[in-house]
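Hello,

Here is the structure I promised to hand over. My notes follow below it.

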Amino acid sequence: QVQLVESGGGLVQAGGSLKLSCAASGSTFSINAYGWYRQAPGKQRELVAGITSGGRTNYADSVKGRFTISRDNAKNTVALQMSSLKTEDTAVYYCNADFLNWGSPERAWGQGTQVTVSS
């Protein structure tokens with residue numbers, strides 16, 4: 001199994017920056033890809049950014065050019081650098097990891113961290 005713990009959320013003014021971090025533990029050798037999702041009040045959880053084991057990244061259109069996802073395989077961490085933040089970026093942000101459990105694909109989730117962007 002894989003366990004994930006996020007950190008770095010908080011309150012920031014519009015136009016500011018914030019960096020989220022996620023530390024993985026457990027069967028980290030089996031992790032293929034990481035992702036960051038977010039869920040705003042009354043809305044469905046949505047993908048913000050993802051990164052594969054080879055470093056290939058993908059982003060939601062709404063954050064392209066503003067957010068950067070990165071991973072450190074040696075430290076089993078994944079980060080989300082957020083810049084030029086907008087009030088609509090306010091949400092609970094979740095880290096996730098796709099891994100193999102005895103050959104079967106599974107997904108682990110962190111507990112979430114609140115990001116609030118004020119105008």
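At 18% relative accessibility, Thr28 counts as buried; the term means under 20% relative accessible area, with exposed over 50% and partly exposed in between (1.4 Å probe, protein chains only). This is a predicted model: local features need pLDDT of at least 70, side-chain atom pairs count only at pLDDT 80 or more, and totals for chains, interfaces and linings use all residues. Residues are numbered from 1 along each chain as its sequence is written, and side-chain values use heavy atoms, with hydrogens and water left out.

Thr28 sits in the loop between β3 and β4. Strands (E, at least two residues) are DSSP runs, numbered from the N terminus. The Thr28 side chain makes a polar contact with the side chain of Asn76, at 3.4 Å. Such a contact is a pair of N or O atoms within 3.5 Å; within protein, one must be able to donate a hydrogen and the other to accept it, and residues adjacent in sequence count only if both atoms are side-chain atoms.

**Strand β9**

Eight of the 11 residues of β9 are buried, so this strand is largely enclosed by the rest of the structure. Now its partners; pairing needs at least two DSSP bridges between two strands.

- β4: antiparallel, over eight bridges. Ile31 stands opposite Phe99 in β9.
- β10 (residues 104–109): antiparallel, six bridges. Asn96 stands opposite Trp109.
- β11: antiparallel, three bridges. Ala91 has Val115 as its bridge partner there.

β9 and β10 form a hairpin with two residues between them. Trp102, in the turn, has a positive phi of about 55°.

**The disulfide**

The whole structure holds one disulfide (cysteine sulfur atoms within 2.5 Å). Cys22 and Cys95 form it, with their sulfur atoms 2.2 Å apart. The pair links distant parts of the chain: Cys22 is in β3 and Cys95 in β9, 73 residues apart. The link is left-handed, with -80° about the S-S bond. Both cysteines are buried.

**The core**

The largest nonpolar core has 29 residues. Such a core is a set of buried Ala, Val, Leu, Ile, Met, Phe, Trp, Tyr and Cys residues joined through side-chain atoms within 4.5 Å. Leu4, Trp36, Leu80, Met82 and Tyr93 touch the most other members. β9 gives the most to this core, with five residues.

Leaving aside neighbours within four places in sequence, Tyr93 is in contact (heavy atoms within 4.5 Å) with residues including Leu20, Trp36, Phe67, Leu80 and Val115.

Best wishes

Methods. Helix = DSSP H or I, 4+ residues; strand = E, 2+ residues; numbered from the N terminus.
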